[in-house]
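Morning, everyone. I have one structure to go through today, so please look at the sequence and the model while I talk.

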Amino acid sequence: MSLTTRSTAGVWGLAAALIGVLAGQVTSIFTGPSSSPMDAVGGFVIDITPPAVKDWAVATFGTADKAFLLVVIAVVVAGLGWLAGVAQRRTGWAGAALLGALGVGSGIIATLRPSSSTTSLIAGMVAALVAILVLRWGVGRVVALDQAAIAETAEPNRRLFMIGGAGVAVGGLGLAAVEGFIRPAAVGRPPIDLPEPAAAPTSTLPPGLETQIDGLTPLRTPIEDFYRIDIAVSVPRRDTDDWELVIDGMVRNPYTITFDELLAMPMVERDVTLTCVSNPIGGPYVGSTRWQGVLVADLLRRADPEARVEQVLSSGADGFSASTPLDVMLDGRDAMIAIAMDGEPLTRVHGYPARLLTPGLYGYVGATKWLEKLTLTTFDEAQAYWTNRGWGERGPVKTATRIDVPGNQLDSGEATIAGVAWATHRGISKVEVRVDDGPWQEATLGEEISDDYWRQWYLPWDAVEGTHQITARATDGDGEVQTGAIQDVLPDGPTGYHVRTVRVN
Ligand SMILES: Nc1nc2c(c(=O)[nH]1)N[C@H]1C(S)=C(S)[C@@H](COP(=O)(O)O)O[C@H]1N2
Ligand SMILES: [Mo]
């Protein structure tokens, strides 16, 4: 391969861009996650991405959607870096201007983010400065050699190319290490002494049917398996001593409480299933556990809401907001500010130190993590993050049934069809299963934990050779049979039956 001065300049541009971003990200370890150029640009991209594209990303990458986004940004930056190198060689300034604009631009975006702080500009400036220095040095050498016509020998050019290549490797690997390990390592959760719940459920959760049926979703989701969905590019860090909850809006008595004050309030424990509006039929974005927290109703009452209040707009440290209908928060369903899941303080990814949880509603309308504020207002006055982007204003969870077993292949003979069904806040009264075009057969239900909790179910099946389609549907606690009409997740959650095609050998 014959090396051109142009490609050597391109490689130096690439190296300059990656090392610049790396410098910015490392700086943000000290100046705070809200100043991270990658997070700022990532958050900005998430905000402007059309809901359908975002949904595709969540469906395709799941919890790795943020990693995917960061990789896309890094690739775009690398491409622009290459261009900057080439342009710098031709003009002596255009590449530096491009990289400088990118770095400073990311700093400005960081400053405009909802989670910005006074240091938000710094990391972007550092990124710009480092990128420009690397670019000017590398491309400067390339041009100098070229002018000296030493490049005829090709050797110095090759060496310069190799050094630039090493710079690309340092930038790329460094970025991968910082984003993949170093920054996420800050995600550990400090301990809290959890107060005793005043109104605890009388029993512990019973063992589920998963102890008898291999592959069935456990009755209680282990926290490490609990799905995670949010717009936070890196997990917000809020600690209990600097945590405050502001309660304001159309109230006669706005106030702020600290974490210690929250802990001193009466605590409840509830078993609740949480699911995402973007969870496709049969999908994984649903989890169930025991939550501990303070009833929102107690907090709202103290604020003394005006009669015109319709919704509670809750906001989180990542710039997310949700609008929960006031009637839902006060109808006795025990919407809470949760501080613990499964007997442990919330993990950072699930909203440490405190989050909202509203039984019966999808996460986007009632489960704000890293909670900072509750504003009592009307639907006209303020809209939430997702309702602003085309999702339904009220988000009651639709009845859903998931088939966990069997998988796509099994041997003929005695088998078990099993799964979970939920219709949070209405409960599940029946699950039926159909094989091919056969009759609906009633499955056996696992123990009922609460109306707000999913229910395990199973049906013995004599599997005969061939390819079969298994379909399942539930009936909720009001006697309403789940609809088979297929609707997409947008705008207010999917409907339709989960169908599993199995090959019996
Ligand atoms: N701060 C914040 N809270 C949030 C979100 C978010 O993006 N930011 N996403 C919501 C959505 S869409 C869902 S489904 C739930 C998911 O909660 P989990 O990640 O604890 O499972 O959180 C909700 N709370
Ligand atoms: Mo969600």
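I start with how pockets were found: on a 1 Å grid over the protein atoms alone, a pocket is an open set of points with protein on both sides within 12 Å along at least five of seven lines. A molecule sits in a pocket if more than half of its atoms lie within 2 Å of its grid points. By that count, the space taken by ligand 1 is the second largest pocket.

Some housekeeping. This is a predicted model, where local features need pLDDT of at least 70 and side-chain atom pairs count only at pLDDT 80 or more, while totals for chains, interfaces and linings use all residues. Residues are numbered from 1 along each chain as its sequence is written, chains are lettered from A and ligands numbered from 1 in the order in which they are written, and side-chain values use heavy atoms, with hydrogens and water left out.

Back to the ligand. What surrounds ligand 1? There are 18 residues, and the closest are Y227, D318, H350, R355 and K369; to be near, a residue needs a heavy atom within 4 Å. The shell divides into 10 nonpolar, three polar and five charged residues. In that scheme Ala, Val, Leu, Ile, Met, Phe, Trp, Tyr, Cys and Pro are nonpolar, Asp, Glu, Lys and Arg charged, and the others, Gly among them, polar.

Now the polar contacts, meaning pairs of N or O atoms within 3.5 Å. A nitrogen of ligand 1 lies 2.7 Å from a side-chain N or O atom of D318. An oxygen of ligand 1 is 2.7 Å from a side-chain N or O atom of H350. The backbone takes part too: a polar backbone atom of A367 is 2.9 Å from a ligand nitrogen. Taken alone, ligand 1 exposes 530 Å², and the protein buries 98% of that, by the Shrake-Rupley method with a 1.4 Å probe.

Next, some backbone details. W370 has a positive phi of about 50° although it is not a glycine, and W370 lies in the loop between α11 (363-366) and β10 (371-377). Helices are DSSP runs of H or I, at least four residues, and strands runs of E, at least two, numbered from the N terminus. Is W370 buried or exposed? At 1% relative accessibility, W370 is buried, since buried means under 20%, exposed over 50%, and partly exposed in between (1.4 Å probe, protein chains only).

H425 also has a positive phi, about 75°, but H425 is partly exposed at 29%.

Lastly, the peptide bond from V405 to P406 is cis, with omega near 0°.

Note on methods:
A polar contact is a pair of N or O atoms within 3.5 Å; within protein, one must be able to donate a hydrogen and the other to accept it, and residues adjacent in sequence count only if both atoms are side-chain atoms. On a 1 Å grid over the protein atoms alone, a cavity is a set of points where a 1.4 Å probe fits but cannot get out, and a pocket is an open set with protein on both sides within 12 Å along at least five of seven lines; lining residues have an atom within 4 Å of a point.
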